[in-house]
Amino acid sequence: MTTFHVEPGGSMTGRIRVPGDKSISHRSIMLGALAEGVTEVHGFLEAEDCLATMKAFQAMGVRIEHLGAGQVRIHGVGLHGLRAPTEPLYLGNSGTSMRLLSGLLAGQNFNVELTGDESLTRRPMKRVTDPLALMGAKIDTSATGTPPLRIHGGQPLQGIDYTMPMASAQVKSCLLLAGLYAQGKTCVTEPAPTRDHSERMLAGFGYPVEKSGNRVCVRSGGKLNATRIDVPADISSSAFFLVGAAIAPGSDLTLEHVGINPTRIGVINILKAMGADITLHNRREVGGEPVADIQVRTSQLHGINIDEADVPLAIDEFPALFVAAACASGRTVLTGAEELRVKESDRIQSMAEGLQTLGIAATPTPDGMIIDGGKLGAGQVQSFGDHRIAMSLAMAGLRAGGRVTINDCDNVNTSFPAFTGLAQQCGLKVRQS
Ligand code: S3P
């Protein structure tokens, strides 16, 4: 089991490009597989989660060439060309794979079973199977609504008009993918804006998507035309470095080619509201997604009440933001973020325990956290098998009073296998054993 050892101090400097966006990488495989023609992907995230999606489609008869260095060539089989896999599809730690695939596979004419690791097997799936059942899908879950999912093929789907009870891009994307196979029109209304990569990418493949306000609709009967996809660097992987450079004295770090889709920039909004010195350079649009180079320099952060409107826009970045709050002067209060409790770990509890071990007054609440900034000490903390907890607590070492040891860091490979190398290059004194 991998352990991270972080010696205290250091600053974060230089220019780096973190790996490709996880959400966009998953979708590139899914839509590329369903398209007609050959889709070329550049900047694909070569991490366990996205490779699980790739393997799932290979197991369903799609020829996918993994050329290395983020290049992938997908020989699309068309919307009706997938074949029954001979075994259950194992999706590892990846909630995105399981939730999006449940919608995509509900409309196929074969049976398929979706499984995952211990963490994924604990995550709620009723949020997708309930609305899919309204569309006519037949999917079995465990008695408590968790994986494995057994999808019964050959069920005719009917479009629905669904209002999501929670702001979830995974649920929205699941239903839109099912909608490609459903009779009539499928519409999803979201209570707050969530990442819109599925909608953008469908449009990029030439598939009509209707969007008005917080409602998005698709109809069946269209087709996807193969295209080229340039995956920007992941703002979620960038977040650890944004926080690291904001809190470490003497830092000046530039993160290149980062996706700054407006549905993903909560981390920038929140850090800026805390007083971070962040500048976006060279804004441009690449393949339908906005991109920029992000420069961050040290500053004295101050605590804030986090705007609930930023919560879905920063949903994966709170573990890192909690470290920023621990280093800020005064109190930071997060509310409206109960979704954090059903991520790869219960991220409210995991981070509260980690920060408390390091001497910070971090008080979990049912839907968020109250953190009083203070002096980080040394200690041994747990990742709880969650990649984002491991990487966030590693950054805490920059301001710690002694060595921070983080146990159980294998899961970093699910989203960011090169993390320690890149972090060392920038100045974090981390090694792994
Ligand atoms: C994702 C959506 C988010 C996010 C996850 C990736 C996606 O989940 O936490 O890491 O790619 O659609 P929810 O939609 O469940 O909030």
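Author: Happy to! In helix H10, which spans residues 347-357, the buried residues are Arg347, Ile348, Ser350, Met351, Ala352, Gly354 and Leu355. Keep in mind that this is a predicted model.

Reader: Nice. On to the ligand: where does it sit?

Author: The ligand is in the largest pocket. Helices H1 (22-34), H3 (95-106) and H5 (169-179) are the elements that each give two or more residues to the shell around it.

Reader: Which residues surround the ligand?

Author: Around the ligand you'll find Ser23, Arg27, Thr96, Arg99, Ser168, Ala169, Gln170, Arg195, Ile315, Asp316 and Lys343.

Reader: What polar atoms lie by the ligand's oxygens, say from lysine 343?

Author: Lysine 343 has a polar side-chain atom 2.7 Å from a ligand oxygen. An N or O atom in the side chain of serine 23 is also 2.7 Å from an oxygen atom of the ligand. The protein covers 95% of the 380 Å² of accessible area that the ligand has on its own.

Reader: Changing topic, is lysine 22 buried or exposed?

Author: Lysine 22, which lies in helix H1, is buried, because its relative accessible area of 8% is under the 20% cut-off.

Reader: What does lysine 22 touch?

Author: Not counting residues up to four places away in sequence, its contacts include Leu45, Cys50, Asp234, Glu344 and His387. Asp49 is also one of them, and a polar contact of 3.2 Å joins the side chains of lysine 22 and aspartate 49.

Reader: Last one: where is glutamate 7?

Author: Glutamate 7 is in the loop between strands E1 (4-6) and E2 (13-16). This residue is partly exposed, at 29% relative accessible area.

Reader: Which residues is glutamate 7 in contact with?

Author: Leaving aside neighbours within four places in sequence, they are Gly397, Arg403 and Lys429. With arginine 403, glutamate 7 makes a side-chain to side-chain polar contact of 2.7 Å.

Note on methods. Residues are numbered from 1 along each chain as its sequence is written. This is a predicted model: local features need pLDDT of at least 70, side-chain atom pairs count only at pLDDT 80 or more; totals for chains, interfaces and linings use all residues. Side-chain values use heavy atoms; hydrogens and water are left out. Buried means under 20% relative accessible area, exposed over 50%, partly exposed in between (1.4 Å probe, protein chains only). Helices (H or I, at least four residues) and strands (E, at least two) are DSSP runs, numbered from the N terminus. A residue is near a molecule or strand if one of its heavy atoms lies within 4 Å of it. A polar contact is a pair of N or O atoms within 3.5 Å; within protein, one must be able to donate a hydrogen and the other to accept it, and residues adjacent in sequence count only if both atoms are side-chain atoms. Accessible areas come from the Shrake-Rupley method with a 1.4 Å probe; for residues, only the protein chains shown count as cover. On a 1 Å grid over the protein atoms alone, a cavity is a set of points where a 1.4 Å probe fits but cannot get out, and a pocket is an open set with protein on both sides within 12 Å along at least five of seven lines; lining residues have an atom within 4 Å of a point. A molecule sits in a cavity or pocket if more than half of its atoms lie within 2 Å of its grid points. Contact means heavy atoms within 4.5 Å.
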